[in-house]
Amino acid sequence: MFKKALIIFGILSTLLIGCSTLELLKAEPVVFSVLYNQREANPFQEDWLVLEEYEKRQNVFLDVHVGDDADFDNEITRTIESGNIPDIILKVWPNTIESYAANGILLPFSDYEDLMPNFMTYVNEYDLHSELDKLRLDNGKYYILPGHKRKIQVQQWIYRRDIFEKNNLEIPKTYDELFDSLVLLKEIYPNTTPITASWGGAHLFAMMGAGYGIPAGWAGTRDYNFEKDQWLFSPATDSYMELLTFLNRCYDAEVLDPSIFTQGDEDFINKLTDGSALVTVTWITSGFSHWNEKLEENGVPDGEWAPLPVPESTIGITALPPVDPFRKGLVVPSRVINEPYFEDLLKFLDWAVYSEEGTTLTTWGIEGLTFENTPEGKVFLPNIITPKNASGTIEMSVEYGFDTFFNLVENEEFEDYKKPAEIAVFLEKSLDTGDATEMDPQLKLGPDAIAAAQLINEKIDPYIAETFQQFVKGELSIDQDWDEYLLEIEKRGYKTLEEIWNSTWIEQNK
């Protein structure tokens, strides 16, 4: 009996030790490397609470590699081309990674939808199947796990409402009325630079391009003409010429900032807050209280920035750039399919980006620490700084790292809560009036077409950027130099680009 008891004890001990070992192994977090877009105003902190929560809730430890948010597209390119690609790359635009996806460097998420139930539920809930199809390459697969938002255009024109009201000027309804008002204000306030912008003007030009029915600025150069069912190179169109003509008119009248092509973001913000700028374009969801307070500090009493309804362009179009319901997403390298943690990775991303728990953690934070549930919905606690509560003491993204990682999909309750009342009403009206133009259809270029287009763009893009400035500044004349300009961009291959796009489009729609 004693021997039998020892044997049983030994077996039980072995089992218990084995269980303890298994539990210990299970407790070890899985490690995923991630390329994160670090903002200068909010540097990455290894002790952010959001990282602790990922480990606590999902047993995941993030090995974070930081890249400069201001130059993140180039950081992505350098990282991918180095061959040393982390498990996750955040903040990726689809067109940034098309060529890498076509070359097999990235994982096709479309092959693994069964591992992402939250994502598929989200797609079904918002009826995003047709939008998801736009992300597919010509092989039928998509390689980016996309963000999503409502089709509300949050980039808008804004103006110094106090200055217009003080001088009894009506809200301008057209570009011509805007021009006349700014010429008058320039005479009254000679030290102003009435229209200014950041990022080399690319943001302003994209917004104005919509008023001319074409992509411009950072919206690119590939334009789909719905009436002709044809793809066009926008810098070769009459609409592009009309855009340049109006910009040159503004430049000659000294109402367009002469530093627009060269100034940095700091100079741009200074002009918005020292009283010298009167009109610009920007994201408006947070409102303008911070700028208005700076105006007051800088000796501009009652200075007030406000949203400006979209003015009609000189060719009769009232429009803003289209709103892609999919915003920046994330990608992973194809090599992860051979990693032992492959399924864990996809399941974590599915939870972090698309589950209710994951999106709530990303945006609202933790109940009892940053927010509370009320009969009217979620509200932030009094110590949390928000656009509605500047007197708070804690900036969540800085202190805890919330709203930094995996904030790809719009939490509608969170977004609407943050907006000042006037902004919420303005954006709802903009949505109702259909200010945003229709998205171009998806053009599914194959690897050879992408490579050919890249070679042409390398020759033509620098020339387009250079001549754009020259036409605006009057160094080139629309009347005298336009035809020569068209001949030069033809030599550099714009018609070949159009042939590539349209032949692909015809084949795609057979």
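Predicted model: local features only at pLDDT ≥ 70, side-chain atom pairs only at ≥ 80, totals over all residues.
## Overall build

The protein chain has 20 helices and eleven strands. Its C-alpha trace spans about 110 × 55 × 35 Å along the principal axes. Of the 510 residues in the protein chain, 49% are buried. The chain exposes about 25,000 Å², and carbon and sulfur atoms supply 50% of that area.

The contacts can also be described by how far apart the partners stand in the sequence. Among contacts with a separation of 6 or more, 75% are accounted for by residues 24 or more positions apart.

Another contact is found where helix α11 (residues 265-273) meets helix α12 (residues 289-297). Their axes come within 8 Å and cross at roughly 70°. Since angles of 65 to 115 degrees count as roughly perpendicular, α11 is roughly perpendicular to α12. Ile-269, Leu-272 and Thr-273 of α11 make the contact together with Trp-291, Lys-294 and Leu-295 of α12. Here the residues divide into four nonpolar, one polar and one charged.

## Salt bridges

The structure holds 25 salt bridges. The table lists examples, each with the distance between nitrogen and oxygen.

| Residue | Partner | N to O distance |
|---|---|---|
| Lys-91 | Asp-69 | 2.3 Å |
| Glu-422 | Arg-161 | 2.9 Å |
| Lys-418 | Glu-415 | 3.6 Å |

The side chains of Lys-91 and Asp-69 meet in a salt bridge. Lys-91 lies in strand β3 (residues 88-92) and Asp-69 in the loop between β2 (60-68) and α3 (72-82), so the pair ties together parts that are 22 residues apart in sequence. With a relative accessibility of 17%, Lys-91 counts as buried. Asp-69 counts as buried as well, at 18% relative accessibility.

Glu-422 forms a salt bridge with Arg-161. Because Glu-422 belongs to helix α17 (residues 421-433) and Arg-161 to helix α7 (residues 161-166), this pair ties together parts that are 261 residues apart in sequence. Glu-422 is partly exposed, at 40% relative accessibility. Arg-161, by contrast, is buried, with a relative accessible area of 17%.

## Two residues in their surroundings

Lys-378 has its place in strand β11 (residues 377-380). Its relative accessibility is 16%, and because buried means under 20%, Lys-378 counts as buried. When residues up to four places away in sequence are not counted, Lys-378 touches Thr-360, Trp-364, Phe-371, Glu-372, Asn-373, Glu-413 and Tyr-417.

Asn-191 is found in the loop between α8 and α9 (202-211). At 73% relative accessibility, Asn-191 counts as exposed, since the exposed class begins over 50%. Asn-191 and Glu-412 are 221 residues apart in sequence, and their C-alpha atoms are 42 Å apart in space.

Technical notes. Residues numbered from 1 in each chain as written. Heavy atoms only, no water. Axes fitted to C-alpha atoms, helices over the stretch in contact; angles between N-to-C directions. Helix = DSSP H or I, 4+ residues; strand = E, 2+ residues; numbered from the N terminus. Parallel < 35°, antiparallel > 145°, perpendicular 65-115°, else oblique. Contact = heavy atoms within 4.5 Å. Nonpolar A, V, L, I, M, F, W, Y, C, P; charged D, E, K, R; others polar. Buried < 20%, exposed > 50% of the residue type's maximum accessible area, 1.4 Å probe, protein only. Areas by Shrake-Rupley, 256 points an atom, 1.4 Å probe, with all protein chains shown as cover. Salt bridge = Lys/Arg side-chain N within 4 Å of Asp/Glu carboxyl O.
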